[in-house]
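Let's take a walk through this protein together, one stop at a time. Have the structure open and follow along.

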Amino acid sequence: MTSEDFKGPGRFNHVAMSVPADLLDEAGRADITRFYGEVFGWQEHPTMTEDRKRLVMGVHSYDQFVFVIADDNPMQAPRGDHFGMAVDSMDELNEVLRRAEAFAARDGRVDIIGYEVEDFTVLKLHSFYVRYLLPLMVEVQYFELVA
């Protein structure tokens, strides 16, 4: 069976991770939503928020979201563990990086792995990584097709 033969789910719709309950108090949620809102444009779904228990941030549509839940044994991830977000242009990638760096200039808890490009001859993969308070980094990628 090839991938063309299998008709399954066609896209990711959410990422979930656990954190300590203290991070989901009012101040922690405000920090998280401020960063991910300013840098990525994500918006909290306040009807799904539960103090010290749950935070859900929409990622540009109602059916794409980041789900953060409190747990007594929260997720711990090495620095390189991440999920990816694609942008449509180098300008978009540069703008998201600029916003992340601007936020980092005023809050030392931002962790950025700087811009790099991997050249695969027919494709150049431009990317950087960023994390703020949550256990997983976000890799921002732009796929440049080379003619």
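Start with two residues you won't find on the surface: Trp42 and Phe83 are both buried. Keep in mind that this is a predicted model. How do the rings of Trp42 and Phe83 sit relative to each other? Their centres are 6.4 Å apart and their planes meet at 25°, so this pair counts as stacked. Trp42 belongs to the loop between helix 1 and strand 2, while Phe83 is part of strand 5, so the pair ties together parts that are 41 residues apart in sequence.

Now look for other rings. Searching the whole structure turns up 8 aromatic pairs. One of them joins Phe35 and Phe103, and here the arrangement is edge-to-face, with 5.0 Å from centre to centre and 85° between the planes. Phe35 sits in helix 1 (residues 26-40) and Phe103 in helix 2 (residues 90-106), so this contact links parts 68 residues apart in sequence. Phe35 and Phe103 are both buried, too.

Next, follow the strands. Strand 5 runs parallel to strand 8 (residues 137-145), and the two pair over 5 bridges. Met85, for example, has Val140 in strand 8 as its bridge partner. On to strand 7 (residues 123-132): it pairs with strand 8 in the antiparallel sense, over 8 bridges. Strands 7 and 8 make a hairpin with 4 residues between them, and Leu133 in the turn has a positive phi of about 70°.

Conventions
Residues numbered from 1 in each chain as written. Predicted model: local features only at pLDDT ≥ 70, side-chain atom pairs only at ≥ 80, totals over all residues. Heavy atoms only, no water. Phe/Tyr/Trp six-rings, centres within 6.5 Å; stacked < 30°, edge-to-face > 60°. Buried < 20%, exposed > 50% of the residue type's maximum accessible area, 1.4 Å probe, protein only. Pairing = 2+ DSSP bridges.
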